[in-house]
Amino acid sequence: ADSGVMAIEHADFEGVERLALVTGGEITSTFDCPEKTKLGRCDLIEEIMIGEDKLLKFSGVALGEACTIVLRGATQQILDEAERSLHDALCVLAQTVKETRTVYGGGCSEMLMAEAVSQLAAKTPGKEAIAMEAFARALRMLPTIIADNAGFDSAHLVAQMRAAHTQGEKTTGLDMDQGTIGKMEQLGITESFQVKRQVLISGSEAAEMILRVDNIIKAAPRQRPADDRCH
């Protein structure tokens, strides 16, 4: 400190790795050849307080290949839920980078798929048509769930969506910011194609697994000795 060199005490290796990523420096274990070591740079290093914890904040880094997201909540359950939601969002982003294709969101894709399945079910003879119609109904439940989770009248909004799709407005979906239906293309509401595909595959496999269950075996309840304390 007297020589103008700041040292960080109790830095874990994961934190050091992330610090090297953002500043562009190299991790070294000795100072034998400092002239051969690549130094990292940043504009500002400051100590900040978040709650009751003191943290070091590195600002103005050149690369920015890593960052820190601070989650705050009243209870541990809220923090856990926020962390899971953030993790899911990052996973969707990673999948979108690998597979850049997207589909319209807001329940628009589910409505289009349900319409296609219903049309095919009308042309299919036999009992297979019943299963196909049930699959179409399950797809139409997705917009209903989206509207219910947002606190809007799902029956009214989904009926409006179906009417719009019937009239040829194939990009119509749910606009949960306004509580109405809108054009997903104009609103820019899209979802990852890979994630949507995996949701359909997982849901279909779960339904098939349940249908294949022929019988459920239940264990007999454990016999408990009679309690004579109340007599």
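This is a predicted model: local features need pLDDT of at least 70, side-chain atom pairs count only at pLDDT 80 or more; totals for chains, interfaces and linings use all residues.
View 1. Of the contacts in the protein with a separation of 6 or more, 47% are between residues 24 or more positions apart. The radius of gyration is 28 Å, whereas a compact globule of 231 residues would have one near 17 Å. Along the principal axes, the C-alpha atoms fill a box of roughly 85 × 75 × 35 Å. Buried residues account for 18% of the 231 residues. Carbon and sulfur atoms contribute 55% of an accessible surface of about 18000 Å².

**View 2. Order of the secondary structure elements.** The protein has 7 helices and 6 strands. Read from the N terminus, these elements follow the order α-β-β-α-β-α-α-α-β-β-α-β-α.

**View 3. The hairpin of strands S1 and S2.** Strand S1 (residues 44-50) and strand S2 (residues 53-59) run antiparallel and are joined by 7 bridges. Glutamate 47 has leucine 56 of S2 as its bridge partner. Between the strands lie 2 residues, and glycine 51 in this hairpin has a positive phi near 70 degrees.

**View 4. Helix H4 and its surroundings.** H4 spans residues 128-150, 23 residues in total. From its first C-alpha to its last, H4 reaches 35 Å, close to the expected 33 Å. Its buried residues are Ala129, Met132, Ala136, Leu139, Arg140, Pro143, Thr144 and Ala147. The cover over these buried residues includes helix H3 (108-122), helix H5 (154-166), strand S4 (172-175) and helix H7 (193-211). Glycine 151 follows H4 and has a positive phi, near 85 degrees.

Notes. Residues are numbered from 1 along each chain as its sequence is written. Side-chain values use heavy atoms; hydrogens and water are left out. Helices (H or I, at least four residues) and strands (E, at least two) are DSSP runs, numbered from the N terminus. The expected span of a helix is 1.5 Å times one less than its number of residues. Buried means under 20% relative accessible area, exposed over 50%, partly exposed in between (1.4 Å probe, protein chains only). Contact means heavy atoms within 4.5 Å. Two strands pair if DSSP finds at least two bridges between them. The radius of gyration is taken over C-alpha atoms; the globule rule is 2.2 Å times the number of residues to the power 0.38. Accessible areas come from the Shrake-Rupley method with a 1.4 Å probe; for residues, only the protein chains shown count as cover.
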